[in-house]
Amino acid sequence: MGRRRDESSIVDVMFTLFRETPWFVGPIFAALVYAFCAWFMPWYAPPLKEGFDMKGSNNGQLLLAPLSLMLSIVAPWFAGFIVLVWAAAQIYKLSDRMLIDRQHGHDDIRNLSWQEFERLLCEAFRRQGYIVEHSGSTSGDGGVDIHLQNSGQVSLVQCKHWKAWQVGVPTVRELLGVVTSEKAHWGIIVTSGTFTNEAVQFAGKNNIQLIDGQELLKLIRSVQSSQPSRQAPSSQNPSPVGISMKIACPTCGGPMTLRTAKKGTNVGSQFYGCQRFPNCKGTRPV
C-alpha cells in the first residue's frame, strides 16, 4: 500500500486495520456491518410501502425508510467486500511472515528488491510490538518509508537498500529535518550496507539511530518465528528498536559505551562515556 499518508482511502484504512489486528477482527466486523444494514435498519425504519401508517411512525423512521431499504439491498455486497479486503490482508500478512523467516544472511537481504526490503522491516518492527504504517512511495525515491508507534512514541524510518554504497551524512540530515518538523521522538535509518564515519558522528549527536547490515541481521534473527509482543521498549534502553545504538562522543566524535557511575553524587546511575577515556572525558546521559 504505497499511498501517501494524507491520501489513504477507505480500502487502505481497512487493509491496514486487518493487517495490524488478529485474524478474527475482519469476520466480526463484516458480520456487524451486515447485521446493522440488513436487520437493525429495516427493523428501526421499515421500508415504505402501500398502507404504511405515517401516524404510527415518528419522523425519524419515516425519513430513514428509503435509506434502510437501500442498505438492506447492498448489505450482502458490502459485507462481502469487507471480507475480500480482510482476506487480502491475511494473504499479505502471511507473505510478510514467510519473507522474514526465510532470511538467513546478508546475501538473502541484499538480494531483495527495495519493496521487499521495506516489507521485511515492517514485519520486523511489527513483531517487536509496534503499530506499523508503511508510508513509502511506489517509486522508492527515499523519504520517510515507515511510521512506528508504541506507547505514545513515534519513530520515523528511512530505508536505504543499497548493496554497495555507504550512507553519508546528507541522508542523516535529511531525516533529522523531517523528525524535527513532524515532532517525532526518534529517527531511524536502515541500510543493508554501511554508514560513513561522518554519518555515525552526526547521528549520535542528534538522536538518530543507524542500523547497518550487521545490526539489521541481528534484528531479523531476534524476531524470526516470533509474534508481535505489543510491549513498549524499555525506558532503560535508548534504542527505539531494542538493538545497539551508535552514539558519538560530543567532545571528540568517537564511539561511546554504556557505563555505571561508581562514585560521586550519581553513584549507581548509568551514562555514556567515551571509549577513549581517560584521554577524552566526554559523556552523555542515558
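Two strands pair if DSSP finds at least two bridges between them. Keep that cut-off in mind for this predicted model.

**Exercise 1.** Which residue in β2 is the bridge partner of V132, and how do β1 and β2 run?

*Solution.* 
- Step 1. Find strand β1, residues 131-134.
- Step 2. Look across from V132: its bridge partner in β2 is L148.
- Step 3. Count the bridges between β1 and β2: there are four. The cut-off is at least two.
- Step 4. Read the direction: β1 and β2 run antiparallel.

**Exercise 2.** Why is β2 described as largely enclosed by the rest of the structure?

*Solution.* 
- Step 1. Buried means under 20% relative accessible area.
- Step 2. Strand β2 covers residues 146-150, and four of these five are buried, so the strand is largely enclosed.

**Exercise 3.** Which strands pair with β5, and are its faces covered or open?

*Solution.* 
- Step 1. β3 (residues 153-160) pairs with β5 in the parallel sense, over six bridges. Here K160 stands opposite T191.
- Step 2. β7 (residues 208-211) also runs parallel to β5, joined by four bridges. I188 stands opposite Q209.
- Step 3. Check one side of β5: W186, I188 and V190 are buried.
- Step 4. Check the other: G187, I189 and T191 are buried too. Both faces are covered.

Methods:
Residues are numbered from 1 along each chain as its sequence is written. This is a predicted model: local features need pLDDT of at least 70, side-chain atom pairs count only at pLDDT 80 or more; totals for chains, interfaces and linings use all residues. Side-chain values use heavy atoms; hydrogens and water are left out. Buried means under 20% relative accessible area, exposed over 50%, partly exposed in between (1.4 Å probe, protein chains only). Helices (H or I, at least four residues) and strands (E, at least two) are DSSP runs, numbered from the N terminus.
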